Amino acid sequence: MKQSITTLLLAGLLATTAAQAEERTDHFEGETSATLEQAVTNFSATNRQLAELLAQPELETSDLGTIHELTYTLENALEKIKEETADMAIALEEVHQGSETGDVERVRANGETYLGAAQTLVP
């Protein structure tokens with residue numbers, strides 16, 4: 001009997017928690033960053049917005065809400081930048097290895113890939 005009451009209470013608690021989770025406002029998605037160029041643009045623009053808000057002498061609750069939303073865009077941009085820089089590192093290693101072995105085509109192809117991304121990240 002005691003175990004069944006505990007089981008019922010636990011089931012009720014889990015159901016309440018699940019219902020509360022469904023009632024919460026969906027999280028803001030933020031601006032997507034499908035390309036490195038878009039990620040850099042979003043990162044730069046959103047950092048400017050964040051800096052403007054943080055420069056205010058007082059932060060209101062609405063400012064904190066805006067900052068919360070901005071962080072989603074920044075997280076999306078950073079994730080894309082992280083993915084792209086990992087790819088850049090691979091391309092650069094191919095340039096490195098190609099230069100050691102005298103493989104001109106490997107150097108050119110991977111060098112162009114690397115520089116295309118690198119120059120988007122830092123012109």
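Is K80 buried or exposed? K80 is buried, with a relative accessible area of 14%; buried means under 20% relative accessible area, exposed over 50%, and partly exposed in between (1.4 Å probe, protein chains only). The points below set that residue in its surroundings.

1. Basis. This is a predicted model, in which local features need pLDDT of at least 70, side-chain atom pairs count only at pLDDT 80 or more, and totals for chains, interfaces and linings use all residues. Residues are numbered from 1 along each chain as its sequence is written, and side-chain values use heavy atoms, with hydrogens and water left out.

2. Overall make-up. The protein has four helices and zero strands, in the order α-α-α-α along the sequence. Helices (H or I, at least four residues) and strands (E, at least two) are DSSP runs, numbered from the N terminus. Of the 123 residues, 21% are buried. Among contacts with a separation of 6 or more, 62% join residues 24 or more positions apart; contact means heavy atoms within 4.5 Å.

3. Helix α3. This helix covers residues 61-101, and its 41 residues should span 60 Å at 1.5 Å a residue; the end C-alpha atoms are 60 Å apart, which agrees. The expected span is 1.5 Å times one less than the number of residues. Just after α3, G102 takes a positive phi of about 75°.

4. K80 is found in helix α3. Leaving aside neighbours within four places in sequence, K80 is in contact with S33, A34, T35, L36 and A39. N76 also has its place in helix α3, but N76 is partly exposed, with a relative accessible area of 27%. Not counting residues up to four places away in sequence, N76 touches E29, G30, E31, T32 and S33. N76 and F43 are 33 residues apart in sequence and 8.8 Å apart in space, C-alpha to C-alpha.

5. Helix α2. The buried residues of α2 are L36, A39, N42, T46, L50 and L53. Seen down the axis of α2, these fall within an arc of 115°, so they line one face of the helix; the arc is that of the directions from the helix axis to the C-beta atoms. The buried residues pack against α3 and α4 (104-121). On the face turned away from the buried side, α2 carries the exposed residues E37, R48 and E52.

6. Nonpolar cores. A nonpolar core is a set of buried Ala, Val, Leu, Ile, Met, Phe, Trp, Tyr and Cys residues joined through side-chain atoms within 4.5 Å. The largest has seven residues: L36, A39, A77, I81, M88, A117 and A118. To this core α2, α3 and α4 each supply at least two residues, and α3 gives the most, with three. A second, separate core has five residues, including L50, I67, L70 and L74. Returning to L36, its contacts beyond four places in sequence are K80, I81, E84, A117, T120 and L121.

7. Packing of α3 on α4. The axes of these two helices come within 8 Å and cross at roughly 150°. Axes are lines fitted to C-alpha atoms, for helices over the stretch in contact, and angles run from 0 to 180 degrees between N-to-C directions. Residues making the contact include I81, T85 and M88 of α3 and Y114, A117 and A118 of α4.
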